[in-house]
Protein chains: 2
Amino acid sequence: MNLKDIGEFGFIKRITPDSVNNPVNVMRAIGDDAAVFAIGKNECVVLTTDLLVERVHFIKEAMTGYQLGYKSLAVNLSDIAAMGAVPQHAFVSIGIPKETSIEYLDEIYRGMKDLAKQYNVNILGGDTTSSIVDLIINVAVTGVAKKKSLLYRNTAKEGDVIFCTGLLGDSKAGLDFILKSEQPKNVHEKRLFEAHCLPRPHIEEGLFLANSGVVHSCIDISDGLSSDLMHIAEESNVGFILQEDAIPVSPDLLHYCKEHGYSAIEYALAGGEDYVLVCTADAKKATKLENDFYKTFKRTLYRIGTITKEKKYLMQKNDGTLSDIKPKGWDHFA
Amino acid sequence: MNLKDIGEFGFIKRITPDSVNNPVNVMRAIGDDAAVFAIGKNECVVLTTDLLVERVHFIKEAMTGYQLGYKSLAVNLSDIAAMGAVPQHAFVSIGIPKETSIEYLDEIYRGMKDLAKQYNVNILGGDTTSSIVDLIINVAVTGVAKKKSLLYRNTAKEGDVIFCTGLLGDSKAGLDFILKSEQPKNVHEKRLFEAHCLPRPHIEEGLFLANSGVVHSCIDISDGLSSDLMHIAEESNVGFILQEDAIPVSPDLLHYCKEHGYSAIEYALAGGEDYVLVCTADAKKATKLENDFYKTFKRTLYRIGTITKEKKYLMQKNDGTLSDIKPKGWDHFA
């Protein structure tokens, strides 16, 4: 049997059994944005880790060291944000090919430290080693939260309103420049490129949602809106309907997609690496949540759909017609 | 400037500044076997991480998947042991080349889970991704301890007795078989090979030392006795004298070294990957510590030397003559 046959998520299901020997303090094991374990009576630690491998997650020539360092921490902070926790400490393992220059490595750490400083996060440890061919960066981040304010994936409820905290699809457009070895040629394209290289983790937004008391579930968009929302739906045993017109895409993305004949909605649904949060909230409190969000951040909390009892994944057009959404997110082994 | 010029430890010194933005709960940052941060009033979390890269840390053909999985967790548990903490949760990031068979991956996780079960440790999360050429495994492990019972590197005191909790040098002999592409040909050589592939983390020993109240500092032997003891000495601002005759080497290692014309003491000093603990303890309480250790484990706590005020690293032969010990441990960038 081959990895390709079972896929990334099949593989995760395969390794999950018999992994918890001591469940006493375990609040969340494999299967969420981060694991959660209790320490003492009220406190819990949230821990996430992401492995970035050269030529799989990044191409050295296409990104500055600063961007790479920044992003390798940002993707982890985004997972902590999706749990509604406060990030605290980062641990950086790095595998370095011999010919790597110190100046490039300095830039990686400068990017990481700039972002860490912004969110009052410490780089507290790690591991430093060599690598034969590819540069390897694994970052683990811990966060803290009160036990009762955590946001999980598997707790969406029928009738919930689906929200997202930012624009979707820009990151995929930014990735296009890398894959085509092209340079962004104006300020609009540069913004798309930055959305890919320097994503802002939605930490304040995650804490706001966690403290609202009306958000039932949350995830960050790493694989793509459709895939990530399917994680919420599958684990919560529900379905969803998205409103096509409500999916927030930037004018820059619309322009870019029009110019190249691409579908902006496809970019938003299947792009991935947006690192905004998608959450589901009590429908009765949804309007208040939107208003409070706007008051707090002076930005829109986008209302994009509804959680349904029926386990279907649907897209509704402006004219009311419904169509199935197929999973199109990233699978490392597909 | 090149990495080779500053070495692994020079690189670590280079990245350390400006890494702590929020020192409030930080008890130990970069520079020990593990980082430590406080949660609540009395509790603290200990966290360590180790990155293993194919062709740098292991050769796939020379080790079973089971051994690789076991060892990748064991080296982290050993770091937790060196802090005197109880290991709790492991987080496994794995980067998998396309052609890797599921059966081999199953074996990796079987080895990891067998060891985890033995120490009541959970595998609570991680990351699963692809890799172009090399198999990559990063394991992070958390442990818990009471704040006051932790063991650090930088707290050895003049006059302390130096102990180690197990035999030294076997692992390097075991590695020889891999480097020479030879099979161990008898039960003695097999034991040396196993010392390299399936090292037992000294968790119970670490807890015993932490709870004794008389141990001042501790480290685990990953780079080699001389290098690791130099970490203790440098950070504690002291020196040491080792007694050559007291360095514990196994009959199997003596036999192996005699047969091949190697020096067993060299293997013990500079070999590394033994994953036993080296600690320094109050000289007045040293005999009681030895006796209690023997009563508890029915094994010897080996008394191998003394911490000195003078910052020299010395070896004393049976006839009283002293010679300098040169650092010979592993440096990834040397």
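# Reading a predicted two-chain model

User: Why does A:G40 count as partly exposed?
Analyst: A:G40 has 14 C-beta neighbours inside 10 Å. A residue with 20 or more would be buried and one with 12 or fewer would be exposed, so with 14 A:G40 counts as partly exposed. The model is a predicted one, and the values here are computed from it.

User: Where does A:G40 lie, and what does A:G40 touch?
Analyst: A:G40 sits in the loop between β2 and β3 of chain A. Residues up to four places away in sequence aside, A:G40 touches B:I39, B:G40 and B:E43.

User: What makes A:I304 a buried residue?
Analyst: Within 10 Å of its C-beta atom there are 23 others. The cut-off for buried is 20 or more, and with 23 A:I304 is therefore buried. A:I304 belongs to strand β11 (residues 302-308) of chain A. Leaving aside neighbours within four places in sequence, its contacts are A:I162, A:F163, A:C164, A:L242, A:Q243, A:A246 and A:I247. The C-alpha atoms of A:I304 and A:D245 are 8.3 Å apart, while the two residues are 59 residues apart along the chain.

User: Is A:K298 buried or exposed, and how do you know?
Analyst: A:K298 has 7 C-beta neighbours inside 10 Å. Exposed means 12 or fewer, so A:K298 counts as exposed. A:K298 lies in the loop between α10 (286-297) and β11 of chain A. Its phi is positive, about 55 degrees, although A:K298 is not a glycine.

User: Why is A:N120 put in the partly exposed class?
Analyst: A:N120 has 13 C-beta neighbours inside 10 Å. A:N120 is in the loop between α3 and β5 of chain A. The phi of A:N120 is near 60 degrees, a positive value in a residue other than glycine.

User: What makes chain A as compact as a globular protein of its length?
Analyst: Chain A contains ten helices and 13 strands. Its radius of gyration is 20 Å, close to the 20 Å that the globule rule gives for 334 residues, so chain A is as compact as a globular protein of that length. Along the principal axes, its C-alpha atoms fill a box of roughly 55 × 55 × 50 Å. Of its 334 residues, 55% count as buried. Among contacts in chain A with a separation of 6 or more, 81% join residues 24 or more positions apart.

User: Why is α4(A) called roughly perpendicular to α5(A)?
Analyst: The axes of α4(A) (residues 170-179) and α5(A) (residues 187-197) cross at roughly 100 degrees and come within 7 Å. Angles of 65 to 115 degrees count as roughly perpendicular, so α4(A) is roughly perpendicular to α5(A). On the α4(A) side the contact includes A:L175 and A:F177, and on the α5(A) side it includes A:L192 and A:F193. By class, this contact has seven nonpolar, three polar and two charged residues.

User: What makes α2(B) and α3(B) oblique to each other?
Analyst: α2(B) (residues 65-82) and α3(B) (residues 102-118) pack at an angle of about 45 degrees, with their axes 6 Å apart. Angles under 35 degrees are roughly parallel, and roughly perpendicular begins at 65, so the pair is oblique. Their crossing is right-handed. By class, the contact of α2(B) with α3(B) has eleven nonpolar, five polar and three charged residues.

User: Which residues of α5(B) are buried, and what do they pack against?
Analyst: The buried residues of α5(B) are B:E189, B:L192, B:F193, B:A195, B:H196 and B:C197. They pack against α2, α4 and α8 of chain B.

Definitions and conventions: Residues are numbered from 1 along each chain as its sequence is written. Chains are lettered from A and ligands numbered from 1 in the order in which they are written. This is a predicted model: local features need pLDDT of at least 70, side-chain atom pairs count only at pLDDT 80 or more; totals for chains, interfaces and linings use all residues. Axes are lines fitted to C-alpha atoms, for helices over the stretch in contact, and angles run from 0 to 180 degrees between N-to-C directions. Helices (H or I, at least four residues) and strands (E, at least two) are DSSP runs, numbered from the N terminus. Angles under 35 degrees count as roughly parallel, over 145 as roughly antiparallel, 65 to 115 as roughly perpendicular and the rest as oblique. A crossing is left-handed if the near helix is turned anticlockwise from the far one by less than a right angle, and right-handed if clockwise. Ala, Val, Leu, Ile, Met, Phe, Trp, Tyr, Cys and Pro count as nonpolar, Asp, Glu, Lys and Arg as charged, and the others, Gly among them, as polar. The radius of gyration is taken over C-alpha atoms; the globule rule is 2.2 Å times the number of residues to the power 0.38. Two residues are in contact if their C-beta atoms, placed from the backbone, lie within 7 Å.
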